[in-house]
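This report is meant for someone meeting the structure for the first time.

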Amino acid sequence: MINFRIIKTDEDLENALRIRREVFVEEHNVPESIELDEFDTLDSNCLHFLALYNNKPIGTLRANLTIKDTVKIQRFCFLPEYRKSGFGKLLLDFAEKELLTKGYKYFFLEAKFSVHPFYEKCGYKKVSDIFYEVNVPHVKMEKLIKC
């Protein structure tokens with residue numbers, strides 16, 4: 001059984017950070033000094049989300065709310081064995097619905113170019129040329145949700 005929640009406890013936050021370390025630092029060789037930052041706390045201007053499968057933490061997403069009326073989706077990842085399961089779209093949908101209830105309608109992200117088709121299937125549009133972050137090609141994508 002898959003479920004999702006907004007992270008409100010130190011334990012859930014540590015589970016999310018563990019997943020991110022495994023995916024971004026260990027698997028994708030992103031330096032930990034870049035991966036973890038000042039927004040990785042419960043009292044930052046971000047909402048953190050956790051995906052659980054049979055109560056096991058398997059995925060996470062961070063919604064940075066530092067820009068007025070705007071959500072920057074960041075640090076979105078799943079453990080390898082849970083990718084291509086449909087869970088990513090479900091977590092993104094859950095986060096967007098939660099953020100819509102808080103008045104946010106404009107969402108953007110910087111997607112690795114190799115996974116931008118996933119975001120297109122989720123309603124995001126590519127709005128930039130390719131640029132490089134940590135030597136990896138990315139594109140900026142955005143989505144405006146009209147209620």
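A residue is called buried when its relative accessible area is under 20%, exposed when that area is over 50%, and partly exposed in between. By that rule, 46% of the 147 residues of the protein chain count as buried. The model is a predicted one, and the values that follow are computed from it.

**The chain as a whole**

The protein chain has four helices and eight strands, which follow one another along the sequence in the pattern β-α-α-β-β-β-α-β-α-β-β-β. Along its principal axes the C-alpha trace spans about 35 × 35 × 30 Å. A compact globule with 147 residues would have a radius of gyration near 15 Å, and the 14 Å of the protein chain agrees with this.

As for charge, the protein chain carries 23 positive and 23 negative side chains, with the centres of the two sets lying 7 Å apart.

Phenylalanine 107 is placed in strand β5, which covers residues 106-112. Is phenylalanine 107 buried or exposed? Phenylalanine 107 counts as buried because its relative accessibility is 0%. Setting aside residues up to four places away in sequence, phenylalanine 107 touches Val71, Ile73, Glu96, Leu99, Tyr124, Met141, Glu142, Lys143 and Ile145. Isoleucine 67 lies 40 residues from phenylalanine 107 along the chain, and the C-alpha atoms of the two are separated by 11 Å.

Histidine 48 belongs to strand β2, which covers residues 46-53, and with a relative accessible area of 3% histidine 48 is buried as well. Which backbone oxygen does the side chain of histidine 48 reach? That side chain reaches the backbone oxygen of threonine 41 at 3.4 Å.

Lysine 125 is found in strand β6, made up of residues 125-126, and counts as exposed because its relative accessibility is 57%. Leaving aside neighbours within four places in sequence, lysine 125 is in contact with Lys140, Met141 and Glu142. Lysine 105 lies 20 residues from lysine 125 in sequence, and the C-alpha atoms of the two are 14 Å apart in space.

Most residues other than glycine have a negative phi. Asparagine 55, although not a glycine, has a positive phi of about 70°, and its place is in the loop between β2 and β3. Valine 134 is likewise not a glycine and has a positive phi, of about 50°; its place is in the loop between β7 (131-133) and β8 (136-144).

The table sets out accessibility for the residues discussed.

| Residue | Relative accessibility | Class |
|---|---|---|
| Phenylalanine 107 | 0% | buried |
| Histidine 48 | 3% | buried |
| Valine 134 | 39% | partly exposed |
| Lysine 125 | 57% | exposed |
| Asparagine 55 | 64% | exposed |

Notes: Residues are numbered from 1 along each chain as its sequence is written. This is a predicted model: local features need pLDDT of at least 70, side-chain atom pairs count only at pLDDT 80 or more; totals for chains, interfaces and linings use all residues. Side-chain values use heavy atoms; hydrogens and water are left out. Helices (H or I, at least four residues) and strands (E, at least two) are DSSP runs, numbered from the N terminus. The radius of gyration is taken over C-alpha atoms; the globule rule is 2.2 Å times the number of residues to the power 0.38. Buried means under 20% relative accessible area, exposed over 50%, partly exposed in between (1.4 Å probe, protein chains only). Lys and Arg count as positive and Asp and Glu as negative; His and the chain ends are not counted. The place of a charge is taken as NZ of Lys, CZ of Arg, CG of Asp or CD of Glu. Contact means heavy atoms within 4.5 Å. A polar contact is a pair of N or O atoms within 3.5 Å; within protein, one must be able to donate a hydrogen and the other to accept it, and residues adjacent in sequence count only if both atoms are side-chain atoms.
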